[in-house]
Amino acid sequence: MEKIYSVCGMCTVRCPIMASVENGRIRFLQGNPHFPAMAGSLCPRGAAGTALVNDDERPQMPLIREGARGEGRWRPVSWDEALDYVADRLMAVIGTHGPRGVALSDRGGPFRDMHRALLRGLGSPNYVNHDASCARNVHHAHLSLTGLGRKDVSYDYGNARHVVLQLRNIFEAVDVQEVNTLMAALEKGCKLTVIDIRATVSAAKAQQFFMLRPGSDYAFNLAVIHVLLKERLYDAAYAARCIQDMGWLERFVKPYTPEWAAAETGIAEDRIRRFARELAEAAPNIIWHPGWMAARYRHSFYVCRTIYIINALLGAIGTQGGLPLVNKPADVGRKGLKTFLSLYPAPAEKRADGVGWRYPHFDKGPGLAHLLYKAMESDDPYPVKAYIAYRHDPLMGFPEPERLKRIFDRLDLLVAVTFSWSDTAWYADVVLPLSTYLERESIIACKNALQPYFFVRRRAVAPCYDTRADWQIVGGLAQRLGLPQLDFDTIEDIWRFQLEGTGVSPDDFAATGMVPLAPAKIYRDRDTIAFKTPSNKIEMLSSNLEKHGIASLAPYESPARPGQGQFRLTFGRCVLHTQGHTVNNTLLFEQMPENVLWIHAGAARDLGIADGDRVEVSQDGCAETIRAKVTDAIHPEAVFVVHGFGHTLPVESRALGKGLADNKFMPGGLDIWDPAGGAIAYQEHFVTVRKCR
Ligand SMILES: Nc1nc2c(c(=O)[nH]1)N[C@H]1C(S)=C(S)[C@@H](COP(=O)(O)OP(=O)(O)OC[C@H]3O[C@@H](n4cnc5c(=O)[nH]c(N)nc54)[C@H](O)[C@@H]3O)O[C@H]1N2
Ligand SMILES: Nc1nc2c(c(=O)[nH]1)N[C@H]1C(S)=C(S)[C@@H](COP(=O)(O)OP(=O)(O)OC[C@H]3O[C@@H](n4cnc5c(=O)[nH]c(N)nc54)[C@H](O)[C@@H]3O)O[C@H]1N2
Ligand code: SF4
Ligand SMILES: [Mo]
């Protein structure tokens, strides 16, 4: 049996995997055994990869729209015809509106270099990724304190003594290596505290669980800072060396006492005090996770920022057993991959989403997708008329799908590059079907880590339909658009281009699927770290934010309470599905065909709702039905669903009509976002629930 080392593609974590292949068929998928933290394991979605390959309800050949947008009448075409069609229309848009009239969005991650270079080669600045719907607040919070990105630090669970999860459900929103490392740490005596509005699987594994009133996290965190400063529990030597504006912070948190926070959060003041003291005992080996899907409230940025502040006060940032800095190739004396972006100059044009000029405090890299959509809606600052959704489903991932459709109606060209059907692909003019991750190879990527490494996805089996790998799709477009540097004959040519000067050859990946760039993990000396802020220190008062009129910490505002008979609509992940794109997977559908509505037992009793009843969730004329899960494990002000259900596409026979789509209950949601962190505030919406008759 042949062993192929590759990379899982069932979610964006991209775990290293090993596929056992016999006679061109995959017999078994498992974690790559050369990564000790994988321990050979995969999560259920990773194990269900074969069902994705065998799925005959995914796009199987290039398609061009015949009827109206979203009508679902398609003309199957050859790759040549599809690529000619897209290239011709892109050139037409560029002819009328200039290169800036073209935009591309993707899902972020390590395999973006070629399609980003395609957009740059055309001369457009309008690359965005999905992050405004996910972790942008976390990223900007870290940037404002340390000048470093969210991924410039790692979480050293293996050496931690106390881990805090707030807005983070590690044991269901899974990264396999993280789960395994944290489990091993817990077995060794590391303490776990969970702060959530629901008792999750992570909460069940914790020694301590705080069930907060939804949206009151900022109050909780301010009170913890208050105690750390008042009782002098912070790491004074670290603060003197690395932190700026401690006096200001102390004045800011003075009114935010645990007594005050108790009324806001519902957590007793002595529990908050005791918790702060416990953290200080374990410092600096603590990790208060800054959150991942923190696009929830208008002030979520400040939740993330206070989390990083607490990590800093306890001396954990840059520290072994805390949040040590990752190493990039140059940090370990190695040359990084040659990038395709370097083939073309960065466009001088202003971005359509206003990031970098209208909003100078945001990181320009991936922009903010909702602001791009608003530019498409208004032609302000200029028209954007062609849009490639590359591995991105904004019609499910952003609020207000009907408004977004009207926005997309203003485009001359909407292209979806995807391996599964999605609401966006269904609404597109052209679908360019990507081979599944087991049927395609990727460009080489670099993982910045304590021990950084290069890794690559290899094709385990040949594509079963007329689908293509990214490099073939991008190359085919590039060749037609006058960018021959991006058109390669073979993937090996691409790998050789990327590896130039690194001392690594494509063959070096055969043995384990990766090439380490350092002999072991390297922890940098936390006392010599120069942070990337203007002051080189961790800035409590962010010079970048303050310069642009944004408060480093905003005064606390109490979250709105739901009206009579209403609930705040909250959502998250489950271990069996990835966002909206696995519901139709035969194996995963069998395990979990629909989502349920978590509702507090007391509230349910008042409404006459019993566990398992069908209920109607409604809001201003929008209504959907779903089964109720009646439980004490959720805060009474909230209802909760797993995101990604309520599919409406006739091509997905299994997913069709199962469960409820949370994104439909967010009126005006494209305009409700966090001005300091940039992300959408998805949880500022309320619904009414009643039992179905
Ligand atoms: N199985 C699986 N794993 C995944 C994914 C997946 O789709 N499926 N997706 C990946 C992606 S893209 C992401 S972004 C991550 C997300 O990873 P996480 O952010 O950890 O996951 P979520 O379930 O979105 O949210 C975490 C928790 O926030 C809680 N929460 C909601 N509102 C509040 C609040 O006001 N206060 C507090 N304290 N908690 C609140 C929810 O109850 C939930 O338990 O997961 C990644 N991993
Ligand atoms: N209401 C609500 N909205 C949310 C969330 C929520 O919980 N509730 N969660 C938010 C979060 S955390 C995130 S990350 C976003 C996720 O939303 P998106 O960023 O859109 O990401 P996905 O749904 O994971 O994938 C998008 C599409 O890409 C396709 N695809 C998957 N892998 C690949 C690949 O390797 N290549 C290509 N070309 N296509 C691929 C999938 O089939 C899917 O159709 O949604 C956000 N929006
Ligand atoms: S967490 Fe699961 S689905 Fe995501 S990459 Fe890892 S194995 Fe695959
Ligand atoms: Mo996400």
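In this predicted model, the centres of domain 2 and domain 3, taken over C-alpha atoms, are separated by 29 Å. The two domains touch through 20 residues of domain 2 and 26 residues of domain 3. The domain assignment places domain 2 at 155-324 + 524-547 and domain 3 at 566-691. It also gives a domain 1, at 63-133 + 333-514.

The size of an interface is often given as the accessible area lost when the parts come together. Between domain 2 and domain 3, about 2,000 Å² is buried. Carbon and sulfur atoms give 58% of this area. On the domain 2 side, three arginines stand out: Arg198, Arg296 and Arg298 supply 33% of the area buried against domain 3, more than any other three residues.

Polar links also cross this interface. There are 11 residue pairs in polar contact, and 1 salt bridge is found. Arginine 213 pairs with glutamate 637 in a salt bridge, with the closest N and O atoms 3.4 Å apart.

Ligand 1 lies between domain 2 and domain 3, because both give residues to the shell around it. That shell holds 30 residues, of which Arg168, Asp196, Asp217, Tyr297 and His577 come nearest. By class, the shell divides into 13 nonpolar, 8 polar and 9 charged residues.

Backbone atoms also approach the ligand. A polar backbone atom of asparagine 169 is 2.7 Å from an oxygen atom of ligand 1. For glutamine 579, a backbone N or O atom lies 2.9 Å from a ligand 1 oxygen. For leucine 167, the corresponding distance is 3.5 Å. The protein covers 99% of the 900 Å² of accessible area that ligand 1 has on its own.

Notes. Residues are numbered from 1 along each chain as its sequence is written. Chains are lettered from A and ligands numbered from 1 in the order in which they are written. This is a predicted model: local features need pLDDT of at least 70, side-chain atom pairs count only at pLDDT 80 or more; totals for chains, interfaces and linings use all residues. Side-chain values use heavy atoms; hydrogens and water are left out. A residue is near a molecule or strand if one of its heavy atoms lies within 4 Å of it. A polar contact is a pair of N or O atoms within 3.5 Å; within protein, one must be able to donate a hydrogen and the other to accept it, and residues adjacent in sequence count only if both atoms are side-chain atoms. Accessible areas come from the Shrake-Rupley method with a 1.4 Å probe; for residues, only the protein chains shown count as cover. Ala, Val, Leu, Ile, Met, Phe, Trp, Tyr, Cys and Pro count as nonpolar, Asp, Glu, Lys and Arg as charged, and the others, Gly among them, as polar. Domain bounds come from an automatic or database domain assignment. Contact means heavy atoms within 4.5 Å. Buried area is the accessible area (1.4 Å probe) that two parts lose on being put together, summed over both. A salt bridge is a side-chain nitrogen of Lys or Arg within 4 Å of a carboxyl oxygen of Asp or Glu.
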